[in-house]
Amino acid sequence: MEGLRNDGRRWNELRRIHCQLSTSSTNADGSSYIEQGFTKVLCNVTGPAEPSSRQKVKQDSATVSCEVYFAAFSGTDRIKRGRNDKKVQELQTAIQKTFSSIILTHLFSRSEITISVHILSQDGGTLAACINAATLALIDAGIPLKDYVCACTAGQSTSIFDNEGASPDPWLDVNYLEESDIPSLTVATVGDSEKIVALNMENKVRIEKLEAMIAVGISGCAKVRAIMDKEVRRHGKQKLEAQGE
Amino acid sequence: MTSIKRMLVDPAGHDSITSKVYIRSAKSGKVTKIVREIYLRTDIPCSSRLCRACLANAPVDSNNRSRPFVLSEKPAGTTQFKHGHYLMPDTNIFLQCMDAIEHKSAFYDVIVLQTVLDEVKNQSLPLYNRLVSLTKADEKRFYVFHNEFRQETHVKRGQEESINDRNDRAIRVACKWYREHIGQAAASSGVKAPAVVMLSNDKANLAKAKSEGLDATNLDDYVKGLSNADELLDMISSSLQDLEKKANRGANVYAEYFPVPRMNTGVRNGTLHQGTFHTSTYNSLEGTVGVPSFDKHLLIVGLENMNRAIDGDQVVVELLPQDQWKRQSDKLVDQDTLTKNENADVDEVEAIVTEKERRALIDEAKRIQRSQNESQKVQPTAKVVGVLKRNWRSYVGHIDPNSVNRAKSGGQQVVFFRPLDKKIPRIRVFTRQATQLLGQRIVVNIDTWDRTSRFPVGHFVRALGELESKEAETEALLLEYDVQYRPFPKAVLDCLPSEGHDWVVPEKDAPGWENRVDLRDLLICSIDPPGCQDIDDALHARLLPNGNYEAGVHIADVSHFVKPNNAMDDEAASRGTTVYLVDKRIDMLPPLLGTDLCSLKPYVERYAFSVIWEMTPDANIVNTRFTKSVIKSREAFAYKAAQMRIDDKSQTDPLTEGMRILLMLSKKLKQARMDAGALNLASPEVKVHMESETSDPASIEVKELLETNSLVEEFMLCANISVARKIYEAFPQTAMLRRHGAPPATNFDDLRSQLRARKGLDLRVESSKALADSLDACVDPQEAYFNTLVRIIATRCMVPAEYFSSGTQAYPEFRHYGLATDIYTHFTSPIRRYADLAAHRQLAAAIEYEALDESLYNKNKMDAVVKNINVRHRNAQFAGRASIEYYVGQALKNKSTEQEGFVAKIFSNGFVVFVPKFGIEGTIKVETAKTYDADEYILELEDGRKVVLFDKVKVMVNVVKEQATGRRKTELTLA
């Protein structure tokens with residue numbers, strides 16, 4: 001009612017985003033931490049390094065592999081997800097496919113880049129947070145990317161603002177409650193462009209509504225990019241200053 | 001290495017985010033702690049037209065529109081608040097006084113806080129819905145202020161602070177903010193600021209508010225400052241007024257209910273049973289509960305065992321020991337004779353069983369002991385131990401004149417309210433206007449029914465008008481059956497085509513013709529009851545060159561005009577059906593559509609949805625085609641006119657020939673249906689003729705059935721079945737269908753044993769075919785009407801047909817028992833039934849004419865729609881019947897006649913007589929009967945006359961004013 005969502009946001013507002021780089025510099029080449037609302041994700045990147053197995057060796061490019069770990073305490077119910085869990089596999093594939101096309105893999109033939117994502121807390125938009133965290137960790141590791149990959153979710157609300165024939169608003173950046181209530185999608189774009197590298201949707205929605213959802217999602221991605229870029233620059237500047245001392 | 005631990009509060013210092021922590025415990029005993037974010041903002045407007053600052057940064061939605069401001073710049077003042085005031089009620093005010101708040105005369109410019117709205121939602125969903133509809137409607141100017149999301153008014157729960165205290169504080173903080181905010185706004189535009197008045201009945205909260213310098217008052221004081229205080233005060237829930245008295249009440253009249261967990265475990269392990277409570281129509285001291293684990297209903301005898309359950313409540317019952325099992329009472333008992341001399345004002349506890357009730361029960365017990373041997377007729381009895389869900393609603397009735405103390409003018413007194421519905425007990429009502437309300441039809445809500453009170457306690461809602469005035473009685477009837485009869489709101493009328501009555505079908509190939517077939521050259525006509533304005537259907541038939549026939553049914557294309565999810569669609573969905581009363585029609589759709597643009601009127605072009613079959617001369621369907629079309633009806637016939645035209649041999653024009661083909665095919669269709677076992681049931685339908693000048697009922701006639709009635713009916717059935725198959729094929733999970741379950745054989749037990757005893761006949765009930773055949777065999781050579789009488793009684797043994805969405809039942813359950821078809825839906829009357837409109841949309845999607853709206857393939861939404869239209873459909877039927885009954889009463893007023901009647905039911909102290917001529921039935925009570933033979937169904941009267949079940953009796957039909965309902969009713973006496 002009144003165009004406010006259940007957490008007090010309006011239809012086109014992101015949740016609070018907090019991100020950090022180099023969070024665990026000892027055991028990874030690049031690392032990052034991101035919070036989108038109460039969705040909290042930690043990401044470590046190693047590589048380029050010797051591939052862990054023979055199958056992963058590609059003669060002309062690097063292999064991107066991805067591991068996703070759900071902390072058992074991350075959701076409202078305590079659930080342990082194993083390596084072969086369907087959800088884990090899905091996320092791994094989605095992240096791996098996204099970054100294979102973004103990382104300049106041809107520079108690192110016969111090597112492997114591993115992205116490992118730890119999901120500490122889930123409050124909607126898990127895939128989006130994972131992709132954002134991976135982008136930051138890859139930047140932190142100094143692996144050449146075509147551009148930022150930023151992801152955001154968008155949902156299609158069913159509540160009607162008023163009854164003068166207006167269609168219900170699309171909602172940006174859905175939280176867990178909204179995600180379980182309304183159809184939503186995750187969209188990831190490259191840099192400032194509106195080029196979509198990943199689009200994932202697990203519900204059914206009327207085809208007419210899709211365009212508005214994607215458009216809102218893309219605008220969300222741009223905002224996420226700005227926040228991430230600011231943090232990268234701040235972090236870089238801090239590092240340079242530290243080196244200068 | 002950087003630490004990644006963060007505090008919730010943003011380091012930047014603006015506490016624009018906070019979190020809500022709550023603990024949820026599941027039924028399984030699992031406890032989860034949930035933390036959610038709350039984003040606090042400063043752009044939530046105060047929505048007062050005085051305020052320019054809020055207007056300047058009012059938020060917009062995705063279509064770049066913002067909401068208009070609600071609260072008036074010059075709100076009404078009272079004696080207390082001279083410069084006008086905005087009201088800010090707390091939760092309990094809404095919970096207890098919703099009826100008063102909805103009243104037209106007061107309670108304007110109300111600020112509903114989010115805190116309050118949420119609390120109302122948790123406490124009572126129906127009240128929440130009423131409150132939401134108030135905030136949506138413009139006229140009362142209710143504004144929902146999201147205080148929990150506004151930075152200044154968000155309140156964090158303190159340590160040791162209870163939720164209620166926190167919410168009270170939130171209301172005070174919001175009130176304070178509003179006061180300052182409005183003050184500034186008013187100052188900047190140079191007017192006196194209206195007061196922001198917190199309304200609460202909580203003394204502690206009021207005191208705190210006053211100490212903080214806020215305007216706060218309790219409801220009583222506030223209402224007393226208004227002009228119609230007495231009326232409004234009566235509308236306030238009596239639970240509030242009764243509060244002090246309750247404390248010093250005496251012993252309990254009824255047993256305490258079991259705690260909920262005990263009921264749940266009991267039901268789960270089978271020691272207790274759950275079901276819906278129904279009061280017996282003939283005996284107000286007796287009720288039944290149907291539970292799944294028994295195939296017969298459980299009997300509840302006596303008020304003590306009924307333990308405050310009211311007809312329709314969801315109850316939990318416990319079986320009584322077998323030595324207390326009884327047979328169903330065969331006595332007539334009504335509240336009237338039992339509680340005639342009681343005083344509503346008596347507050348001390350009365351004995352639960354009054355002397356008269358006790359005597360009635362003892363008589364009953366004796367009777368049972370006498371007939372101990374017939375153990376098969378003894379039914380298990382039970383007592384109510386808890387009520388899971390109340391079925392309380394608004395009740396229409398009048399104040400019992402005997403309970404009013406006329407000497408006491410002014411001041412409050414307690415009176416008895418008698419509901420029209422005899423199954424509902426009398427209600428004690430506190431009122432200040434007892435003498436004014438005498439002789440009025442009024443509406444009352446039940447508030448509580450305490451253990452200490454013999455009757456439920458309620459409060460006055462509103463008066464409808466004089467008893468027996470036509471307007472009041474019609475409105476009473478509509479309210480009683482929950483029919484929405486208010487004029488269509490503006491939002492609905494805005495959905496109509498802007499051309500109004502000038503709308504015409506556009507030129508061929510203009511927009512609107514896409515995928516429509518031009519059927520204007522077909523010779524189509526409609527056949528309806530005389531004077532019909534909303535013509536849903538039209539027909540045509542012609543001979544094809546290959547010797548087969550083409551027959552077509554054309555249905556008004558309502559779905560072209562009523563698009564899903566707009567205001568008109570919502571209104572139609574909630575109305576569900578058009579309700580036909582004797583002198584009035586309550587439309588489902590605005591009359592512009594129903595009687596003009598959609599109605600398939602003759603001589604003009606109309607959009608239609610057509611079902612066209614190719615049939616062999618034996619009426620076997622070779623091919624079925626569905627299409628949206630444009631038609632032009634050649635003529636609108638009444639049944640009788642159509643019959644005459646067909647019978648008139650001299651007419652040989654193609655239109656008449658087409659009708660003859662239709663008639664020929666319909667007879668074959670009917671035969672095929674009868675062979676499959678369709679039932680031919682009877683209902684006592686009569687029609688009331690109104691005198692056109694005075695609109696007083698003038699005469700009553702029994703409805704006549706012609707061949708043309710059956711012609712139309714057969715083709716409509718055929719169309720419905722064809723459409724049902726098509727939409728089920730396209731949407732196996734959510735097709736809108738209609739089913740009619742087979743009645744359980746036990747429903748016929750009484751009728752069968754009566755027929756066996758009286759006439760030596762038997763009914764076979766194993767299938768609809770067997771039932772149809774054995775009903776045909778139920779004839780009495782001496783009495784032609786006997787067969788119809790049995791059919792009427794058999795109809796009452798059936799279960800009602802219902803709408804359902806196909807995913808909720810297995811295919812074999814789709815069967816329509818009465819029509820003997822495996823699948824059925826309603827398609828042919830979209831102007832007056834919402835189910836048909838839904839079927840239209842699904843069929844349109846099935847033939848790929850247009851996309852299907854989400855609500856029609858979403859299972860949950862379909863279930864909600866189906867549930868509502870089932871209720872509406874049933875209520876519409878009841879309302880229609882009640883209207884006829886009322887007008888029959890009016891028509892026979894002052895005309896005492898002797899009529900033939902038939903004994904339809906027999907009791908040890910009375911019997912029910914059905915009078916076919918007027919379609920009425922009435923009970924005749926016999927004070928003293930000589931003998932009663934329950935096996936042979938013979939009652940011997942004192943003067944030696946014998947009343948025998950199914951026999952013809954002469955009765956006097958009189959019309960008397962019934963004490964219990966204040967309504968004129970036919971009364972029968974033995975002639």
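# Exercises on a two-chain model

Leu185(A) stands opposite Met201(A) in S9(A). That pair is our way into this predicted model; let's work through it together.

**Exercise 1. Find out how many bridges join strand S8 of chain A to S9(A), and which way the two strands run.**

Step 1. Locate strand S8 of chain A, at residues 184-190.

Step 2. Count the bridges: 5 of them join S8 to S9(A), and the two strands run antiparallel.

Step 3. Now widen the view. In chain A, 4 strands form an open sheet in the order S7-S6-S8-S9, with antiparallel pairing. Strand S7 (170-172) and strand S9 (196-201) of chain A are the edge strands, since each pairs on one side only. From one strand to the next, the twist averages 25°.

**Exercise 2. Identify the strands that helix H1 of chain A lies across, and those that helix H4 of chain A touches.**

Step 1. Helix H1 of chain A covers residues 86-100 and lies across strand S6 (149-156), S8 and S9 of chain A. Relative to S9(A), helix H1 runs at about 165°.

Step 2. Helix H4 of chain A, residues 207-244, also packs on the sheet. Helix H4 touches S6, S7 and S8 of chain A, and its direction makes about 140° with that of S6(A).

Step 3. Chain A has 4 helices and 9 strands, and along the sequence they follow the pattern β-β-β-β-α-β-α-β-β-α-β-β-α.

**Exercise 3. Decide whether Ser65(A) is buried or exposed.**

Step 1. Find the residue: Ser65(A) is in strand S4 of chain A, residues 63-70.

Step 2. Count its neighbours. Ser65(A) has 21 C-beta neighbours inside 10 Å, and the cut-off for a buried residue is 20 or more. Ser65(A) therefore counts as buried.

Step 3. Look at who is around. Leaving aside neighbours within four places in sequence, Ser65(A) is in contact with Lys56(A), Gln96(A), Glu112(A) and Thr114(A). Lys97(A) is 32 residues away from Ser65(A) in sequence, yet their C-alpha atoms are 9.0 Å apart in space.

Step 4. Compare with the chain as a whole: 44% of the 245 residues of chain A count as buried.

**Exercise 4. Describe how helix H21 and helix H22 of chain B pack.**

Step 1. Recall what is needed: two packed helices are described by the angle between their axes and the distance between the axes.

Step 2. Read off both values. Helix H21 (residues 639-647) and helix H22 (residues 654-675) of chain B pack at an angle of about 100°, and their axes are 9 Å apart.

Step 3. Name the arrangement. Because angles of 65 to 115 degrees count as roughly perpendicular, H21(B) is roughly perpendicular to H22(B).

Step 4. List the residues that make the contact. H21(B) supplies Ala642(B), Arg645(B) and Ile646(B), while H22(B) supplies Thr656(B), Met659(B), Arg660(B) and Leu663(B). Sorted by class, that contact has 4 nonpolar, 1 polar and 2 charged residues.

**Exercise 5. Find how many residues of each chain take part in the contact between chain A and chain B.**

Step 1. Count on both sides: 28 residues of chain A are in contact with 26 residues of chain B.

Step 2. Sort the chain A side by class, which gives 8 nonpolar, 12 polar and 8 charged residues.

How values were computed: Residues numbered from 1 in each chain as written. Chains lettered and ligands numbered in written order. Predicted model: local features only at pLDDT ≥ 70, side-chain atom pairs only at ≥ 80, totals over all residues. Contact = placed C-beta atoms within 7 Å. Nonpolar A, V, L, I, M, F, W, Y, C, P; charged D, E, K, R; others polar. Pairing = 2+ DSSP bridges. Axes fitted to C-alpha atoms, helices over the stretch in contact; angles between N-to-C directions. Parallel < 35°, antiparallel > 145°, perpendicular 65-115°, else oblique. Buried ≥ 20, exposed ≤ 12 C-beta atoms within 10 Å, placed from the backbone.
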